[in-house]
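Work through the exercises below with the sequence and the model in view. Each task is followed by a solution in steps.

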Amino acid sequence: MGERTTPVIPVARDAILSLAARLDEPAWLREARLAAWDLLGSLPPPSPTDEEWRRTDPGILSLDGLHLGGPEPSGPLPAALEDVLGRWPSPAAVLVYRNSRLVRADLSPDLAARGVVAADLSAAAHAHADLVRRWLMTEAVRPQEGYVTALHAAARTGGPALVVPDGVEVAEPVLVATWIDGDRLALAPHLLVVAGRGSRVTVMAATGSGAGEWAALALPVAEVILGDGAQVRLVTLHVAGPHVREVGILRAVLGRDSTLHTLQAALGGRVLKMRVESILARPGASAEMLGVVFGDDGQHVDIRTLQEHRAPHTLSDLLFKNAVRDRAHSIFSGLIRVHYGAQKTNAFQANRNLILSEGAKADSIPNLEIMANDLRCTHGSATSRLSEDHLFYLMSRGLTRSQAVRMVVEGFFAEVLDRVPLAPVRDLLAERIGAKMAT
């Protein structure tokens with residue numbers, strides 16, 4: 001790719017201003033958006049020569065022919081979305097976006113009385129300006145990091161802000177859904193989670209779309225801030241349709257003695273490229289990072305993870321399992337980075353891949369950057385194909401070949417799912433995996 005002499009701005013300034021007006025953003029938030037748009041002119045877009053983009057075509061970021069945001073949706077929520085939401089009979093809060101429009105926002109009155117904020121970012125920017133200004137793209141994710149973060153900051157199409165005050169425990173999960181049921185859309189949903197000292201919360205976030213052949217680009221960013229002693233569980237489910245591209249970031253910054261549990265489940269979309277990062281910034285922080293990827297029918301899933309230990313006496317444990325069939329391609333690139341002075345670090349990273357058919361491909365790139373000398377770090381990866389001996393054994397017990405393959409796949413993912421203490425999540429993923437096996 002040759003050098004660009006003129007920077008490419010992928011979205012017009014007028015479109016940015018129109019979006020800010022539709023979202024009713026305060027002046028300071030609109031100015032931050034425009035500053036990110038100006039920044040795009042000085043940042044080079046991703047190139048195939050960049051290490052991060054060597055295995056995924058940067059052209060997936062193109063906004064050509066796409067409309068920022070989307071039309072006002074009409075009609076009831078799609079049945080598939082209702083099915084996901086209905087698995088929790090009494091959630092703490094629900095925020096649903098269709099084509100970037102907020103169509104449902106509920107918060108338990110008891111939690112509201114205890115100071116919990118669960119609202120659209122624009123509304124929170126008016127009602128809780130100090131909080132939003134303090135945390136929105138200032139610490140976990142910053143626009144100036146690169147092209148993708150600047151593009152998201154400029155084109156942000158809304159999203160929820162969840163703030164849990166010090167000492168508040170949210171017993172039921174918070175449900176966040178982004179649903180696409182319009183054609184040629186570009187969306188940049190943002191999820192901001194701030195958990196105060198000693199607080200506790202579980203968030204279930206899903207990105208999906210209808211069954212139509214809609215082409216769309218999603219640029220999601222989730223930033224999670226954990227105060228000292230906070231406990232956060234974040235489940236992110238990707239179940240978009242076969243023509244949706246997603247390029248996103250999930251980054252958490254952990255305070256002293258805080259605990260983070262994340263689960264990335266990639267089961268849909270045409271192309272998914274995600275960065276999943278835990279920054280263990282203070283002593284005693286602990287992060288568990290789980291992942292489930294099942295690609296088929298030419299899907300391309302590229303996930304890069306980071307376990308960054310900046311302080312001593314921290315723990316991270318990562319397990320990602322990828323299964324691919326047909327002509328699907330999965331990429332896992334994981335990095336454990338231990339800073340100077342981060343002694344007594346414990347960091348574990350494992351990636352397991354299962355190739356189910358000829359033509360499918362799984363790449364695994366584990367990495368270590370160690371700058372301390374009193375620690376324990378392990379990393380490893382393994383890739384295998386279906387064992388005909390295992391299948392023969394199961395078939396000799398009366399199973400058909402398809403039933404045997406399904407049993408092997410279910411057993412492969414069980415190690416991850418068994419570590420998720422949320423029955424609705426386990427059941428939903430098991431159903432989705434079973435449905436993919438049935439096609």
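Contact here means heavy atoms within 4.5 Å. The model is predicted.

**Exercise 1.** Find which residues of helix H1 meet which residues of helix H2, and sort the contact by class.

Solution. Step one: on the H1 side, the residues are Arg13, Ile16, Leu17, Leu19 and Ala20. Step two: on the H2 side, they meet Arg30, Arg33, Leu34 and Trp37. Step three: by class, the contact of H1 with H2 has six nonpolar and three charged residues, and no polar ones.

**Exercise 2.** Describe how H1 and H2 are placed against each other.

Solution. Step one: H1 covers residues 13-22 and H2 covers residues 27-40. Step two: the two pack at an angle of about 160°, and their axes are 10 Å apart. Step three: angles over 145 degrees count as roughly antiparallel, so H1 is roughly antiparallel to H2. Step four: the crossing of H1 and H2 is right-handed.

**Exercise 3.** Give the strand order of the open sheet and name its edge strands.

Solution. Step one: ten strands form the sheet, in the order S3-S2-S6-S9-S12-S14-S16-S18-S20-S22, with mixed pairing. Step two: strand S3 (101-107) and strand S22 (375-385) are the edges, each pairing on one side only. Step three: neighbouring strands of this sheet are turned by 5° against each other on average, direction ignored.

**Exercise 4.** How many bridges join S6 to S9, and which way do the two strands run?

Solution. Step one: S6 (residues 174-180) and S9 (residues 200-209) are joined by seven bridges. Step two: S6 and S9 run parallel. Step three: alanine 177 stands opposite alanine 206 in S9.

Conventions:
Residues numbered from 1 in each chain as written. Predicted model: local features only at pLDDT ≥ 70, side-chain atom pairs only at ≥ 80, totals over all residues. Heavy atoms only, no water. Axes fitted to C-alpha atoms, helices over the stretch in contact; angles between N-to-C directions. Helix = DSSP H or I, 4+ residues; strand = E, 2+ residues; numbered from the N terminus. Parallel < 35°, antiparallel > 145°, perpendicular 65-115°, else oblique. Left-handed = near helix turned anticlockwise from the far one by under 90°. Nonpolar A, V, L, I, M, F, W, Y, C, P; charged D, E, K, R; others polar. Pairing = 2+ DSSP bridges.
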